[in-house]
Amino acid sequence: MTKYIIKRLLQTIPTLLAISFLVFSILYITPGDPVLLMLAASETSTVDPASYAAVQKDLGLDKPFFVRYVDFISKAVQGDLGRSYITNQKIFPTVMERMPATLQLTFSALLIALLISIPLGVLAAIKQGSIWDNIATFLATISVSLPGFWFGMLLIIFFALNLRLLPSFGMGDIDKGIGDVIRHLILPATALGTSLAAMLTRMTRSSMIEVLNQDYVTVARSKGLKERTVIYIHALKNALIPIITVLGAQFGSLLGGAIVTETIFAWPGVGRLAVNAIGKRDFPMIQGNTLIICTGFIMVNLIVDILYGVLDPRISFTEK
Amino acid sequence: MNFKKITLVLILLMTVLVTTACAPKTVDPAPVIDEEKILTLATQYTIATLNPYKTSSDGDGYIIRQVMEPLVSGITGDLRPLLAESWENIDDLTWQFKLRENAYWHEGNAVYPEGANAQVKAEDVKASFDFVLDPANKAQYQARLGQVIKQVDVVDEFTVRFTTNEPSAWFLTDIHRVPIFSLKALEVLGQDVFDFTPIGTGPFKFVEYVPDDKIVLEKNDKYFIEPNLDKVIYRIIPDQAVATVALKTGEVDIALQIPVTEVASAKATEGIRVIRTSGGGAYRYVAFNCKSDLFSDKKVREAIAYAINMDAAVEAIFGDPLLGERAYCSVVPGVPGYSDCSDLWEYNVDKAKSILAELGWTLGSDGILQKDGVKFSFVLKTPSDAARSKLGIIVATDLKNIGIDCKPQASEFATLVDDMNSSNFDMGISGGYGGEDGLFMMFHSTEGGGPKIQYANPDVDNLLGTAKVTVDLEEREALLIEAARLIAADRPHLPAYLEYWQLGLSESVKDFDEIPSVYIPLTSPYRNVDIVK
């Protein structure tokens with residue numbers, strides 16, 4: 001097991017290198033000059049060439065592509081992701097400062113997705129072809145097709161503006177109690193979690209149907225076990241394995257979705273930081289942010305892989 | 001765990017969520033603690049810095065301008081004393097400012113403890129300007145101010161004198177960009193902390209900045225006018241539609257920008273008013289690259305001007321003068337140099353066609369004009385905002401009617417700015433300069449800025465160059481008007497419209513309307529914003 005984890009951790013190095021190179025290259029070819037943006041060149045002003053050259057040199061943007069990339073990587077491995085072009089703040093602490101907000105949002109979305117999808121998927125599977133199955137499938141299809149920004153806005157208009165039940169924006173203040181935090185969390189987490197819930201409902205349904213047709217389930221039933229025990233102890237545990245795989249992969253898309261959700265709900269997380277950085281061509285911030293998020297994503301997938309072994313002892317980590 | 005237990009846990013969890021969500025029947029209004037008067041504003045801008053000499057963003061300015069004071073403040077064409085009490089022009093090159101003797105650096109922070117009573121004196125003003133003028137400090141306005149200001153001298157404890165390199169018409173506009181800051185604060189706090197801890201002399205003291213969430217200010221008890229507000233809280237809400245909802249629900253008192261699509265619904269909400277933000281509007285125009293193959297000939301530009309029904313376009317885009325109005329001149333009304341140039345523009349498709357025919361353009365079999373084997377075909381670069389991308393489509397449609405193949409292409413903002421500022425365009429839609437030096441910046445062939453339209457008219461250069469060094473307002477105004485009319489006749493721009501921004505505010509906000517902006521202090525000799533709930 002330990003050997004496996006070390007091997008997987010080592011594998012993340014080339015992955016992160018590839019990601020960093022990709023991000024670096026994309027930023028390099030993206031139009032929009034960070035020097036001009038830094039000097040506040042706009043529709044209404046241009047900058048004096050001397051200031052341009054000075055800032056360009058200052059940021060190291062006068063160097064060739066590969067020199068800049070190697071500079072970046074050699075500093076990054078020492079834990080120095082550089083400073084933001086715009087705010088001049090250190091990247092790593094700036095991203096990490098916003099990480100708790102994003103994690104709070106994504107895990108709440110995950111929780112909401114699981115609370116909705118598992119019971120609904122199981123219900124649809126055990127009552128296959130019934131009205132429940134149709135309702136679950138219908139809801140899942142609708143939810144998976146909802147664009148996040150639109151659904152978020154809809155939730156705000158309905159629950160914040162029309163019903164005045166929940167706040168329309170921002171993060172709660174723990175000083176005002178846990179209730180304030182939860183009330184601020186419900187709308188963004190629902191907006192973010194809904195499409196995942198839809199996807200997981202469909203996964204749970206198909207996975208459960210497959211498992212329920214397995215011989216060991218028939219054996220369990222023939223032993224006279226209660227149907228509930230068969231479903232929740234024997235079937236669900238096995239049906240969860242593919243769901244957990246999907247969950248790991250979907251964690252990345254939750255983080256991606258958080259970019260839109262955080263912007264709509266004025267949620268001060270990593271996604272907002274990324275959007276601002278992209279708009280301002282804050283290259284070090286975009287690179288640092290992406291690397292940190294990707295590292296998190298890889299770690300989550302690693303944890304998911306390890307969880308397989310716990311859920312299904314047949315999966316072994318030792319090489320044969 | 002059996003089925004019942006699992007179901008029970010799930011039901012409990014859902015109940016907790018739902019009951020917590022639904023328990024209070026109202027949303028938090030802007031927080032009210034005892035009798036504290038708190039004004040909550042929604043701003044869409046992320047804070048880049050709260051350092052006055054580094055910032056280039058309006059959003060940063062909204063906060064900095066409440067905490068720190070420049071010598072003069074106000075809107076374009078109406079600058080009034082602030083940290084200075086008065087000023088005089090000793091001669092065309094010398095400006096002398098008398099400072100208020102009751103300005104103190106904010107107290108209760110790491111630099112100035114309570115009771116420090118540190119007065120702001122002429123030497124502080126000189127120190128701020130000297131710092132900004134030193135290229136080593138990389139201040140945002142160094143290049144511009146460096147061209148204007150020769151030296152700054154202390155005359156006496158509360159009098160400071162500026163000497164300019166040449167007579168400077170826009171001197172007050174230039175120095176109003178520089179809030180006076182404390183060099184001691186920079187020294188004590190260090191750069192990183194100083195960048196996000198503004199300490200100044202303004203009506204509000206900085207309390208807290210929570211990144212991407214909020215900025216809290218509290219009243220400065222030592223300000224020479226007692227602010228009506230106890231606290232000012234800026235909530236950062238990037239989506240303007242959400243900010244409008246927050247205004248309607250009472251979570252904020254002012255939404256600093258109401259999107260065009262939400263204006264009608266906000267106006268219809270009881271207890272909310274929607275007003276134009278201060279300033280004469282943003283000038284929007286269609287620009288030609290005057291050295292491109294297609295548009296270097298003034299007659300071609302003239303034909304295009306005849307072919308576009310700009311009045312109809314502006315009506316179609318806005319439909320409400322609160323949002324946008326037709327522009328005929330490249331100067332914003334209210335700014336020196338503005339004149340009504342409506343007599344210089346006409347929509348006349350026949351004239352457009354005949355000019356192009358005279359120039360040798362003939363319709364090809366594909367319905368597109370051509371000359372010497374070259375088709376009249378080009379890309380019209382536009383920003384991606386709703387109004388200007390619509391304008392691009394309307395212009396292209398009008399031009400198609402006379403056989404010109406104009407392809408509108410909306411670009412992401414930074415890309416467009418890059419293209420326009422490097423003359424990488426044939427025709428583009430852009431936004432103009434609303435300041436007093438607008439004409440100079442847009443049309444001076446060698447010293448201007450912004451989009452490089454490659455327009456050069458020696459008469460215009462001469463008029464603008466003279467205006468720049470004419471301190472007398474009336475004389476300057478006459479020169480600018482003459483230049484504006486010459487420019488309009490040359491057609492480097494097709495003025496399209498003046499776009500206005502709207503802000504929404506609760507009826508409970510008082511004394512805000514006269515200068516509807518937070519780029520100017522909420523408490524000053526000219527207003528004292530209040531909230532009465």
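Predicted model: local features only at pLDDT ≥ 70, side-chain atom pairs only at ≥ 80, totals over all residues.
I count two strands as paired if DSSP finds at least two bridges between them. Helices (H or I, at least four residues) and strands (E, at least two) are DSSP runs, numbered from the N terminus.

Residues are numbered from 1 along each chain as its sequence is written, chains are lettered from A and ligands numbered from 1 in the order in which they are written, and side-chain values use heavy atoms, with hydrogens and water left out.

**Entry 1: strand 9 of chain B.** I looked up its partners. Strand 9 pairs with strand 10 (residues 231-236) of chain B in the antiparallel sense, over five bridges. In that pairing, K214(B) has R235(B) as its bridge partner in strand 10. Strand 8 (residues 204-210) of chain B also pairs with strand 9, again antiparallel, over six bridges. There K205(B) is bridged to E218(B) in strand 9. The hairpin of strands 8 and 9 of chain B has three residues between the strands, and D212(B) takes a positive phi near 60° in it.

Next I checked burial. I call a residue buried under 20% relative accessible area, exposed over 50%, and partly exposed in between (1.4 Å probe, protein chains only). Five of the six residues of strand 9 (residues 214-219) of chain B are buried, so the strand is largely enclosed by the rest of the structure.

**Entry 2: a three-strand sheet in chain B.** I found an open sheet with the order 15-16-17 and antiparallel pairing. Strand 15 (362-363) and strand 17 (374-375) stand at the edges with a single partner strand each, so one side of each has no neighbour in the sheet. Strand 15 and strand 16 (residues 369-371) of chain B are joined by two bridges in the antiparallel sense. L363(B) has L369(B) in strand 16 as its bridge partner.

Entry 3: Most residues other than glycine have a negative phi. D372(B) sits in the loop between strand 16 and strand 17 of chain B and is exposed, at 74% relative accessible area. R491(B) lies in the loop between helix 17 (473-490) and strand 21 (493-499) of chain B and is buried, at 6%.

**Entry 4: aromatic pairs.** I searched the whole structure and got 35 aromatic pairs over all chains. Rings of Phe, Tyr and Trp (its six-membered ring) pair if their centres lie within 6.5 Å; planes under 30 degrees apart count as stacked, over 60 as edge-to-face and the rest as tilted.

F21(A) and F66(A) are one stacked pair, 6.3 Å centre to centre with 20° between the planes. F21(A) is in helix 1 (residues 2-29) and F66(A) in helix 4 (residues 65-76) of chain A, so the pair ties together parts 45 residues apart in sequence. F21(A) is partly exposed, at 33% relative accessible area. F66(A) is exposed, at 54%.

Y85(A) and F283(A) have ring centres 6.3 Å apart and planes at 50°, so I log the pair as tilted. Y85(A) is in the loop between helix 4 and helix 5 (91-126) and F283(A) in helix 12 (residues 283-311) of chain A, so this pair ties together parts 198 residues apart in sequence. Both residues, Y85(A) and F283(A), are buried.

I also logged an aromatic cluster whose members include F21(A), F24(A), Y28(A), F65(A) and F66(A).

**Entry 5: charges over rings.** A charge sits over a ring if NZ of Lys or CZ of Arg is within 6 Å of the ring centre and within 35 degrees of the ring normal. R80(B) has its charged end over the ring of Y526(B), 4.7 Å from the centre. R276(B) lies over the face of Y500(B), 3.5 Å from the ring centre.

Entry 6: E270(B) and E507(B) are 237 residues apart in sequence and 8.9 Å apart in space, C-alpha to C-alpha. E270(B) lies in the loop between helix 9 (263-267) and strand 12 (272-276) of chain B. E270(B) is exposed, at 81% relative accessibility.
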